[in-house]
Amino acid sequence: TFISKGVNGVVASRWQVDDAIAPEFIQNFYKALEEDAHPAVALQAAAKAYLQKNHANVAAQNPWYWAGFCYYGIDQQVKPIKRSSPFLLYGALPGAFLFLLAAYLFFKRRK
């Protein structure tokens with residue numbers, strides 16, 4: 001399990017959740033984490049945001065859609081790691097392209 005390998009906590013679903021709901025729900029969870037919430041509080045905030053957004057849709061308020069997410073682990077304040085995409089976009093991808101181009105030209109001349 002993740003916990004036995006040193007992970008402090010995991011967000012998981014107890015049943016298969018709707019693919020249309022999960023991304024927004026998890027984004028709301030991470031948004032609450034960035035606002036210094038503890039994981040259990042962030043999960044509650046994500047559920048609340050989902051219910052507020054879908055207040056007019058009675059079917060979407062069914063707990064089957066939003067209550068499957070649970071946090072397992074130590075409930076301590078967590079700061080998500082912000083990933084910077086500029087390196088990937090401006091550094092790694094052009095570098096990989098140039099490497100592949102050089103390898104192609106090298107092997108083409110070798111024949």
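Me: Which residues on the other side of α2 are called exposed, and what does that word require?

Reply: They are Gln44, Lys48 and Gln52. The word requires a relative accessible area over 50%. The model is a predicted one, and every value that follows is computed from it.

Me: Which residues of α2 are buried, and how do you know on which side of the helix they lie?

Reply: Pro39, Ala42, Leu43, Ala46, Ala47 and Tyr50 are buried in α2. They cover an arc of only 140° around the axis, so they lie on the same side of α2.

Me: How do you know what span to expect of helix α2?

Reply: The expected span is 1.5 Å times one less than the number of residues. Helix α2, residues 39-53, has 15 residues, for which 21 Å is expected. From its first C-alpha to its last the helix reaches 21 Å, and this is close to the expected value. For α1, with 13 residues, the reach and the expected span are both given as 18 Å.

Me: What makes the buried residues of α1 line one face of the helix?

Reply: The buried residues are Ala22, Phe25, Asn28, Phe29, Ala32 and Leu33. Seen down the axis of α1, they fall within an arc of 145°, and therefore they line one face. Among the elements covering them are β1, α2, α3 and β2. Just after α1, Asp36 takes a positive phi of about 70°.

Me: Why is the meeting of Glu24 and Lys53 called a salt bridge?

Reply: The term requires a side-chain nitrogen of Lys or Arg within 4 Å of a carboxyl oxygen of Asp or Glu. The structure holds one salt bridge. Glu24 lies in helix α1 and Lys53 in helix α2, so the pair ties together parts that are 29 residues apart in sequence.

Me: What makes Lys53 count as exposed, and Glu24 as partly exposed?

Reply: Lys53 has 53% relative accessibility and therefore counts as exposed, the cut-off being over 50%. Glu24 has a relative accessible area of 30%, which lies between the limits of 20% and 50%, so Glu24 is partly exposed.

Me: Why does Asn54 count as buried?

Reply: Asn54 has 18% relative accessibility; buried means under 20%, so the term applies. Asn54 lies in the loop between α2 and α3. Its contacts, leaving aside neighbours within four places in sequence, are with Ala60 and Gln61.

Me: Which pattern does the chain follow, and how much of the chain counts as buried?

Reply: The pattern along the sequence is β-α-α-α-β-α, with four helices and two strands. Of the 111 residues, 20% count as buried. The accessible surface comes to about 8700 Å², and 62% of that belongs to carbon and sulfur atoms.

Technical notes
Residues are numbered from 1 along each chain as its sequence is written. This is a predicted model: local features need pLDDT of at least 70, side-chain atom pairs count only at pLDDT 80 or more; totals for chains, interfaces and linings use all residues. Side-chain values use heavy atoms; hydrogens and water are left out. Buried means under 20% relative accessible area, exposed over 50%, partly exposed in between (1.4 Å probe, protein chains only). The arc is that of the directions from the helix axis to the C-beta atoms. Contact means heavy atoms within 4.5 Å. Accessible areas come from the Shrake-Rupley method with a 1.4 Å probe; for residues, only the protein chains shown count as cover.
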